There are 2 protein chains.
Amino acid sequence: MIDQYPSKYLENAVLEISKLPGIGKKTALRLALHILKQEPNYSQSLGKAIIELKQEIKFCRNCHTISDSDICNICSNAKRDASTICVVESMKDVMAVENTHQFNGHYHVLGGSISPMDGVGPADLTINSLLQKIEQQTIKEIIFALPATMEGDTTCFYLYKKLSAYSVAVTSIARGISVGDELEYTDEVTLGRSIIERKIYSFKL
Amino acid sequence: MIDQYPSKYLENAVLEISKLPGIGKKTALRLALHILKQEPNYSQSLGKAIIELKQEIKFCRNCHTISDSDICNICSNAKRDASTICVVESMKDVMAVENTHQFNGHYHVLGGSISPMDGVGPADLTINSLLQKIEQQTIKEIIFALPATMEGDTTCFYLYKKLSAYSVAVTSIARGISVGDELEYTDEVTLGRSIIERKIYSFKL
(Lines give C-alpha, C1' and ligand atoms only; values in the text may rest on other atoms or scores of the structure.)
Protein backbone atom coordinates (compact mmCIF):
# COMPACT_ATOMS: atom_id res chain seq x y z
CA MET A 1 0.00 0.00 0.00
CA ILE A 2 2.78 2.42 0.90
CA ASP A 3 4.88 3.53 -2.03
CA GLN A 4 5.43 7.25 -1.67
CA TYR A 5 6.74 8.93 1.45
CA PRO A 6 6.39 12.68 1.86
CA SER A 7 9.85 12.93 3.45
CA LYS A 8 13.13 11.14 2.83
CA TYR A 9 13.86 11.13 6.57
CA LEU A 10 10.61 9.29 7.19
CA GLU A 11 11.33 6.89 4.35
CA ASN A 12 14.82 6.20 5.69
CA ALA A 13 13.55 5.61 9.24
CA VAL A 14 10.83 3.23 7.97
CA LEU A 15 13.41 1.38 5.86
CA GLU A 16 15.81 0.92 8.78
CA ILE A 17 13.12 -0.01 11.32
CA SER A 18 11.55 -2.53 8.95
CA LYS A 19 14.85 -4.43 8.85
CA LEU A 20 14.15 -5.60 12.41
CA PRO A 21 12.75 -9.14 12.68
CA GLY A 22 8.96 -9.36 12.68
CA ILE A 23 8.51 -5.70 11.72
CA GLY A 24 7.10 -4.93 8.28
CA LYS A 25 6.76 -1.62 6.46
CA LYS A 26 3.35 -0.85 7.96
CA THR A 27 4.46 -1.43 11.56
CA ALA A 28 7.68 0.48 10.86
CA LEU A 29 5.65 3.47 9.63
CA ARG A 30 3.44 3.28 12.74
CA LEU A 31 6.52 3.22 14.99
CA ALA A 32 8.19 6.07 13.06
CA LEU A 33 5.07 8.24 13.36
CA HIS A 34 4.90 7.37 17.07
CA ILE A 35 8.52 8.50 17.54
CA LEU A 36 7.70 11.69 15.60
CA LYS A 37 4.85 12.44 18.01
CA GLN A 38 7.03 12.14 21.13
CA GLU A 39 9.27 14.78 22.71
CA PRO A 40 12.60 15.24 20.83
CA ASN A 41 14.61 13.75 23.72
CA TYR A 42 12.92 10.37 23.21
CA SER A 43 14.19 9.94 19.65
CA GLN A 44 17.60 11.14 20.89
CA SER A 45 17.79 8.62 23.71
CA LEU A 46 16.38 5.75 21.62
CA GLY A 47 18.83 6.44 18.77
CA LYS A 48 21.74 6.83 21.19
CA ALA A 49 20.84 3.62 23.05
CA ILE A 50 20.81 1.65 19.78
CA ILE A 51 24.16 3.06 18.61
CA GLU A 52 25.80 2.53 22.02
CA LEU A 53 24.39 -0.99 22.25
CA LYS A 54 26.64 -2.14 19.42
CA GLN A 55 29.51 0.24 20.15
CA GLU A 56 29.96 -0.31 23.87
CA ILE A 57 28.91 -3.87 24.65
CA LYS A 58 31.73 -6.32 25.18
CA PHE A 59 31.72 -10.08 25.50
CA CYS A 60 33.17 -11.73 28.60
CA ARG A 61 36.61 -13.18 27.73
CA ASN A 62 35.91 -16.12 29.97
CA CYS A 63 32.30 -17.20 29.36
CA HIS A 64 31.42 -15.19 26.19
CA THR A 65 28.26 -13.66 27.65
CA ILE A 66 27.37 -10.01 27.09
CA SER A 67 29.15 -7.71 29.52
CA ASP A 68 30.19 -4.10 30.07
CA SER A 69 33.77 -5.14 30.85
CA ASP A 70 36.26 -7.80 29.70
CA ILE A 71 35.16 -10.13 32.49
CA CYS A 72 31.44 -10.34 33.31
CA ASN A 73 29.92 -9.86 36.75
CA ILE A 74 29.37 -13.60 37.20
CA CYS A 75 32.92 -14.65 36.27
CA SER A 76 34.44 -11.91 38.43
CA ASN A 77 32.28 -12.81 41.45
CA ALA A 78 34.55 -14.64 43.93
CA LYS A 79 31.53 -16.16 45.73
CA ARG A 80 30.60 -18.21 42.69
CA ASP A 81 31.89 -21.72 42.13
CA ALA A 82 34.30 -21.62 39.17
CA SER A 83 34.60 -25.43 39.09
CA THR A 84 31.02 -25.94 37.84
CA ILE A 85 30.22 -24.67 34.34
CA CYS A 86 26.72 -24.46 32.91
CA VAL A 87 26.86 -24.63 29.10
CA VAL A 88 24.11 -22.60 27.41
CA GLU A 89 23.26 -21.48 23.88
CA SER A 90 22.90 -17.75 24.42
CA MET A 91 23.05 -14.92 26.88
CA LYS A 92 19.23 -15.10 27.17
CA ASP A 93 19.62 -18.58 28.66
CA VAL A 94 22.14 -17.23 31.20
CA MET A 95 19.43 -14.78 32.29
CA ALA A 96 16.84 -17.58 32.42
CA VAL A 97 19.01 -19.84 34.61
CA GLU A 98 20.07 -16.88 36.79
CA ASN A 99 16.42 -16.06 37.42
CA THR A 100 15.85 -19.53 38.94
CA HIS A 101 18.40 -18.71 41.72
CA GLN A 102 19.32 -22.43 41.70
CA PHE A 103 22.78 -22.21 40.20
CA ASN A 104 25.91 -20.69 41.73
CA GLY A 105 28.58 -21.71 39.23
CA HIS A 106 29.97 -20.15 36.06
CA TYR A 107 28.50 -20.19 32.57
CA HIS A 108 29.80 -20.88 29.11
CA VAL A 109 27.86 -19.33 26.22
CA LEU A 110 28.24 -21.38 23.03
CA GLY A 111 26.72 -18.72 20.77
CA GLY A 112 24.23 -21.17 19.22
CA SER A 113 23.71 -24.87 18.59
CA ILE A 114 25.11 -27.12 15.91
CA SER A 115 22.67 -26.92 13.02
CA PRO A 116 23.73 -28.16 9.58
CA MET A 117 20.44 -26.81 8.18
CA ASP A 118 21.41 -23.26 9.17
CA GLY A 119 25.07 -23.78 8.29
CA VAL A 120 26.22 -23.67 11.93
CA GLY A 121 29.03 -26.14 12.60
CA PRO A 122 31.10 -26.82 15.74
CA ALA A 123 33.73 -24.32 14.58
CA ASP A 124 31.17 -21.49 14.74
CA LEU A 125 30.61 -22.09 18.46
CA THR A 126 32.93 -21.36 21.40
CA ILE A 127 33.68 -25.08 21.94
CA ASN A 128 37.48 -24.75 21.76
CA SER A 129 37.38 -22.07 24.41
CA LEU A 130 35.41 -24.47 26.67
CA LEU A 131 37.93 -27.27 26.14
CA GLN A 132 40.81 -24.86 26.87
CA LYS A 133 39.11 -23.87 30.11
CA ILE A 134 38.87 -27.51 31.16
CA GLU A 135 42.56 -28.06 30.35
CA GLN A 136 43.78 -24.99 32.16
CA GLN A 137 41.48 -24.78 35.19
CA THR A 138 40.10 -27.23 37.76
CA ILE A 139 36.61 -28.00 36.45
CA LYS A 140 34.58 -30.61 38.30
CA GLU A 141 31.28 -30.58 36.46
CA ILE A 142 29.92 -29.45 33.11
CA ILE A 143 26.13 -29.05 33.06
CA PHE A 144 24.44 -28.93 29.65
CA ALA A 145 21.49 -26.55 29.71
CA LEU A 146 20.68 -26.75 26.00
CA PRO A 147 17.26 -26.66 24.34
CA ALA A 148 15.32 -29.93 23.96
CA THR A 149 15.44 -29.65 20.17
CA MET A 150 17.22 -31.62 17.49
CA GLU A 151 19.96 -28.95 17.36
CA GLY A 152 20.30 -28.93 21.16
CA ASP A 153 20.57 -32.73 21.24
CA THR A 154 23.13 -32.74 18.42
CA THR A 155 25.24 -30.19 20.30
CA CYS A 156 24.92 -32.19 23.55
CA PHE A 157 26.08 -35.35 21.78
CA TYR A 158 29.00 -33.60 20.06
CA LEU A 159 30.14 -31.94 23.30
CA TYR A 160 29.73 -35.17 25.27
CA LYS A 161 32.04 -36.98 22.86
CA LYS A 162 34.61 -34.17 23.04
CA LEU A 163 34.43 -34.04 26.85
CA SER A 164 34.81 -37.79 27.34
CA ALA A 165 38.57 -37.29 26.87
CA TYR A 166 38.71 -35.25 30.09
CA SER A 167 38.14 -36.31 33.71
CA VAL A 168 35.14 -34.11 34.33
CA ALA A 169 31.56 -34.98 35.32
CA VAL A 170 29.14 -34.24 32.49
CA THR A 171 25.45 -33.76 33.31
CA SER A 172 22.39 -32.32 31.59
CA ILE A 173 19.39 -30.49 32.98
CA ALA A 174 16.45 -32.84 33.57
CA ARG A 175 13.86 -33.30 30.87
CA GLY A 176 10.36 -34.42 31.70
CA ILE A 177 6.89 -33.06 32.31
CA SER A 178 6.68 -29.41 33.38
CA VAL A 179 5.52 -28.34 36.83
CA GLY A 180 1.70 -28.12 36.71
CA ASP A 181 1.35 -30.45 33.71
CA GLU A 182 -1.36 -33.11 33.53
CA LEU A 183 -0.15 -36.48 32.20
CA GLU A 184 -3.24 -36.65 29.99
CA TYR A 185 -2.23 -33.59 27.98
CA THR A 186 1.54 -34.17 27.85
CA ASP A 187 2.85 -35.14 24.41
CA GLU A 188 3.89 -38.79 24.16
CA VAL A 189 7.57 -38.11 23.39
CA THR A 190 8.03 -36.00 26.53
CA LEU A 191 6.07 -38.47 28.68
CA GLY A 192 8.00 -41.40 27.17
CA ARG A 193 11.34 -39.75 27.97
CA SER A 194 10.19 -38.88 31.48
CA ILE A 195 9.49 -42.61 32.07
CA ILE A 196 12.84 -43.72 30.59
CA GLU A 197 14.71 -41.07 32.60
CA ARG A 198 12.67 -41.68 35.76
CA LYS A 199 14.09 -40.53 39.09
CA ILE A 200 15.00 -43.29 41.55
CA TYR A 201 13.56 -42.86 45.06
CA SER A 202 14.53 -46.33 46.34
CA PHE A 203 15.67 -49.29 44.37
CA LYS A 204 15.64 -52.76 45.95
CA LEU A 205 15.82 -55.94 43.92
CA MET B 1 10.90 -13.04 33.81
CA ILE B 2 13.72 -10.61 32.96
CA ASP B 3 15.06 -8.74 35.94
CA GLN B 4 18.85 -8.68 35.64
CA TYR B 5 20.73 -7.55 32.58
CA PRO B 6 24.40 -8.38 32.18
CA SER B 7 25.12 -4.96 30.66
CA LYS B 8 23.77 -1.46 31.33
CA TYR B 9 23.90 -0.68 27.60
CA LEU B 10 21.68 -3.66 26.90
CA GLU B 11 19.34 -2.67 29.74
CA ASN B 12 19.14 0.89 28.43
CA ALA B 13 18.43 -0.23 24.86
CA VAL B 14 15.71 -2.63 26.07
CA LEU B 15 14.17 0.15 28.19
CA GLU B 16 14.09 2.63 25.30
CA ILE B 17 12.86 0.12 22.69
CA SER B 18 10.11 -1.16 25.01
CA LYS B 19 8.66 2.39 25.15
CA LEU B 20 7.46 1.90 21.55
CA PRO B 21 3.78 0.97 21.21
CA GLY B 22 3.05 -2.77 21.17
CA ILE B 23 6.61 -3.72 22.15
CA GLY B 24 7.13 -5.25 25.59
CA LYS B 25 10.35 -6.06 27.44
CA LYS B 26 10.70 -9.53 25.89
CA THR B 27 10.32 -8.28 22.32
CA ALA B 28 12.63 -5.35 23.09
CA LEU B 29 15.29 -7.78 24.32
CA ARG B 30 14.86 -9.89 21.19
CA LEU B 31 15.25 -6.80 18.98
CA ALA B 32 18.27 -5.55 20.96
CA LEU B 33 20.00 -8.94 20.64
CA HIS B 34 19.19 -8.94 16.93
CA ILE B 35 20.80 -5.50 16.52
CA LEU B 36 23.81 -6.75 18.49
CA LYS B 37 24.22 -9.65 16.04
CA GLN B 38 24.27 -7.39 12.96
CA GLU B 39 27.18 -5.48 11.46
CA PRO B 40 28.03 -2.26 13.39
CA ASN B 41 26.87 -0.03 10.52
CA TYR B 42 23.28 -1.27 10.95
CA SER B 43 22.99 -0.01 14.53
CA GLN B 44 24.64 3.23 13.36
CA SER B 45 22.21 3.78 10.50
CA LEU B 46 19.15 2.74 12.54
CA GLY B 47 20.12 5.03 15.43
CA LYS B 48 20.92 7.91 13.08
CA ALA B 49 17.65 7.45 11.14
CA ILE B 50 15.65 7.65 14.38
CA ILE B 51 17.46 10.76 15.63
CA GLU B 52 17.21 12.51 12.24
CA LEU B 53 13.54 11.58 11.92
CA LYS B 54 12.64 13.90 14.76
CA GLN B 55 15.38 16.47 14.12
CA GLU B 56 14.96 17.04 10.41
CA ILE B 57 11.32 16.47 9.54
CA LYS B 58 9.26 19.60 8.99
CA PHE B 59 5.54 20.08 8.63
CA CYS B 60 4.14 21.77 5.52
CA ARG B 61 3.13 25.35 6.42
CA ASN B 62 0.15 25.07 4.11
CA CYS B 63 -1.39 21.61 4.66
CA HIS B 64 0.44 20.45 7.85
CA THR B 65 1.57 17.14 6.38
CA ILE B 66 5.07 15.78 6.97
CA SER B 67 7.62 17.28 4.61
CA ASP B 68 11.33 17.86 4.12
CA SER B 69 10.77 21.54 3.38
CA ASP B 70 8.44 24.36 4.50
CA ILE B 71 6.02 23.61 1.66
CA CYS B 72 5.36 19.96 0.79
CA ASN B 73 5.68 18.43 -2.67
CA ILE B 74 1.92 18.36 -3.17
CA CYS B 75 1.30 22.02 -2.20
CA SER B 76 4.26 23.21 -4.31
CA ASN B 77 3.15 21.22 -7.37
CA ALA B 78 1.63 23.73 -9.83
CA LYS B 79 -0.22 20.96 -11.69
CA ARG B 80 -2.42 20.24 -8.70
CA ASP B 81 -5.75 21.97 -8.18
CA ALA B 82 -5.40 24.30 -5.18
CA SER B 83 -9.13 25.07 -5.15
CA THR B 84 -10.11 21.56 -3.95
CA ILE B 85 -9.01 20.57 -0.45
CA CYS B 86 -9.25 17.05 0.93
CA VAL B 87 -9.46 17.18 4.74
CA VAL B 88 -7.82 14.16 6.43
CA GLU B 89 -6.86 13.15 9.95
CA SER B 90 -3.21 12.33 9.48
CA MET B 91 -0.34 12.14 7.05
CA LYS B 92 -1.00 8.37 6.69
CA ASP B 93 -4.38 9.22 5.17
CA VAL B 94 -2.69 11.59 2.69
CA MET B 95 -0.59 8.62 1.57
CA ALA B 96 -3.69 6.39 1.37
CA VAL B 97 -5.61 8.87 -0.81
CA GLU B 98 -2.51 9.56 -2.95
CA ASN B 99 -2.16 5.84 -3.63
CA THR B 100 -5.64 5.75 -5.19
CA HIS B 101 -4.44 8.21 -7.92
CA GLN B 102 -8.02 9.56 -7.95
CA PHE B 103 -7.40 12.96 -6.38
CA ASN B 104 -5.49 15.89 -7.85
CA GLY B 105 -6.18 18.64 -5.32
CA HIS B 106 -4.53 19.80 -2.14
CA TYR B 107 -4.80 18.28 1.35
CA HIS B 108 -5.36 19.61 4.83
CA VAL B 109 -4.12 17.45 7.70
CA LEU B 110 -6.15 18.06 10.87
CA GLY B 111 -3.75 16.20 13.15
CA GLY B 112 -6.49 14.00 14.64
CA SER B 113 -10.23 13.93 15.22
CA ILE B 114 -12.34 15.59 17.89
CA SER B 115 -12.48 13.10 20.75
CA PRO B 116 -13.63 14.30 24.18
CA MET B 117 -12.73 10.83 25.58
CA ASP B 118 -9.07 11.35 24.66
CA GLY B 119 -9.13 15.04 25.57
CA VAL B 120 -8.85 16.20 21.94
CA GLY B 121 -10.92 19.31 21.27
CA PRO B 122 -11.30 21.49 18.13
CA ALA B 123 -8.50 23.78 19.37
CA ASP B 124 -6.02 20.87 19.21
CA LEU B 125 -6.64 20.45 15.49
CA THR B 126 -5.58 22.68 12.58
CA ILE B 127 -9.16 23.89 12.00
CA ASN B 128 -8.35 27.62 12.24
CA SER B 129 -5.66 27.20 9.62
CA LEU B 130 -8.25 25.59 7.30
CA LEU B 131 -10.73 28.45 7.84
CA GLN B 132 -7.97 31.01 7.17
CA LYS B 133 -7.14 29.22 3.92
CA ILE B 134 -10.79 29.48 2.82
CA GLU B 135 -10.89 33.18 3.68
CA GLN B 136 -7.64 34.03 1.90
CA GLN B 137 -7.70 31.77 -1.15
CA THR B 138 -10.25 30.74 -3.75
CA ILE B 139 -11.47 27.38 -2.52
CA LYS B 140 -14.30 25.70 -4.43
CA GLU B 141 -14.71 22.40 -2.64
CA ILE B 142 -13.81 20.87 0.70
CA ILE B 143 -13.88 17.04 0.71
CA PHE B 144 -14.03 15.32 4.09
CA ALA B 145 -12.01 12.08 4.04
CA LEU B 146 -12.37 11.28 7.73
CA PRO B 147 -12.75 7.84 9.33
CA ALA B 148 -16.22 6.32 9.64
CA THR B 149 -15.99 6.36 13.45
CA MET B 150 -17.77 8.35 16.15
CA GLU B 151 -14.78 10.72 16.33
CA GLY B 152 -14.65 11.10 12.55
CA ASP B 153 -18.39 11.84 12.42
CA THR B 154 -18.13 14.36 15.27
CA THR B 155 -15.31 16.13 13.45
CA CYS B 156 -17.28 16.12 10.17
CA PHE B 157 -20.29 17.63 11.94
CA TYR B 158 -18.22 20.30 13.70
CA LEU B 159 -16.39 21.25 10.50
CA TYR B 160 -19.62 21.27 8.49
CA LYS B 161 -21.16 23.78 10.90
CA LYS B 162 -18.04 25.97 10.79
CA LEU B 163 -17.88 25.82 6.99
CA SER B 164 -21.56 26.67 6.45
CA ALA B 165 -20.59 30.34 6.97
CA TYR B 166 -18.51 30.26 3.79
CA SER B 167 -19.56 29.88 0.15
CA VAL B 168 -17.75 26.64 -0.49
CA ALA B 169 -19.05 23.21 -1.55
CA VAL B 170 -18.64 20.67 1.26
CA THR B 171 -18.62 16.96 0.39
CA SER B 172 -17.61 13.74 2.08
CA ILE B 173 -16.13 10.52 0.67
CA ALA B 174 -18.82 7.90 0.01
CA ARG B 175 -19.62 5.34 2.67
CA GLY B 176 -21.09 1.99 1.73
CA ILE B 177 -20.15 -1.58 1.10
CA SER B 178 -16.54 -2.20 0.08
CA VAL B 179 -15.58 -3.46 -3.35
CA GLY B 180 -15.82 -7.26 -3.31
CA ASP B 181 -18.18 -7.39 -0.30
CA GLU B 182 -21.12 -9.80 -0.20
CA LEU B 183 -24.34 -8.22 1.09
CA GLU B 184 -24.90 -11.28 3.28
CA TYR B 185 -21.77 -10.63 5.33
CA THR B 186 -21.93 -6.83 5.49
CA ASP B 187 -22.78 -5.47 8.94
CA GLU B 188 -26.29 -4.03 9.16
CA VAL B 189 -25.22 -0.45 9.98
CA THR B 190 -23.02 -0.20 6.86
CA LEU B 191 -25.65 -1.85 4.67
CA GLY B 192 -28.37 0.39 6.16
CA ARG B 193 -26.33 3.52 5.42
CA SER B 194 -25.55 2.33 1.91
CA ILE B 195 -29.31 2.08 1.26
CA ILE B 196 -30.06 5.52 2.73
CA GLU B 197 -27.15 7.09 0.80
CA ARG B 198 -27.96 5.17 -2.40
CA LYS B 199 -26.62 6.45 -5.70
CA ILE B 200 -29.20 7.67 -8.20
CA TYR B 201 -28.86 6.18 -11.72
CA SER B 202 -32.16 7.54 -13.08
CA PHE B 203 -35.02 9.03 -11.16
CA LYS B 204 -38.43 9.36 -12.79
CA LEU B 205 -41.63 9.87 -10.84
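**Strand β4 of chain B**

Author: In strand β4 of chain B (residues 105-109), four of the five residues are buried, so the strand is largely enclosed by the rest of the structure. A residue is buried if 20 or more other C-beta atoms lie within 10 Å of its own, exposed if 12 or fewer, and partly exposed in between, with C-beta atoms placed from the backbone. Strands (E, at least two residues) and helices (H or I, at least four) are DSSP runs numbered from the N terminus.

The model is predicted: local features need pLDDT of at least 70 and side-chain atom pairs count only at pLDDT 80 or more, while totals for chains, interfaces and linings use all residues. Residues are numbered from 1 along each chain as its sequence is written, and chains are lettered from A and ligands numbered from 1 in the order in which they are written.

β4(B) runs parallel to strand β3 of chain B (residues 81-88), and five bridges join the two; DSSP must find at least two bridges for strands to pair. One of these bridges links C86(B) to Y107(B) in β4(B). Together with helix α4 of chain B (residues 91-100), β3(B) and β4(B) form a β-α-β unit that is right-handed. Right-handed means that, with the strands pointing away from the viewer, the path from the first strand over the helix to the second runs clockwise.

H64(B) is a further buried residue in chain B, with 22 other C-beta atoms within 10 Å. This residue sits in the loop between β1 (58-59) and β2 (66-67) of chain B. Its phi is positive, near 70°, although H64(B) is not a glycine.

Now to chain A. Seven helices and six strands make up the chain, in the order α-α-α-β-β-β-α-β-α-β-α-β-α along the sequence. Strand β5 of chain A (residues 141-144) is joined by four bridges to β3 of chain A (residues 81-88), the strands running parallel. Four bridges also join β5(A) to β6 of chain A (residues 169-172), again in parallel. F144(A) in β5(A) stands opposite V87(A), and its bridge partner in β6(A) is S172(A). From β5(A) the chain passes through helix α6 of chain A (residues 150-163) to β6(A) in a right-handed β-α-β crossover.

The domain assignment, automatic or from a database, divides chain A into domain 1 (8-56), domain 2 (79-173) and domain 3 (177-205). The centres of domain 1 and domain 3 of chain A, taken over C-alpha atoms, are 47 Å apart. Along its principal axes the C-alpha trace of chain A spans about 80 × 45 × 35 Å. Of the 205 residues of chain A, 27% count as buried.

Finally, the two chains touch each other: 47 residues from chain A and 47 residues from chain B take part in the contact, which requires C-beta atoms, placed from the backbone, within 7 Å. On the side of chain A, α3(A) gives the most, with 14 residues.
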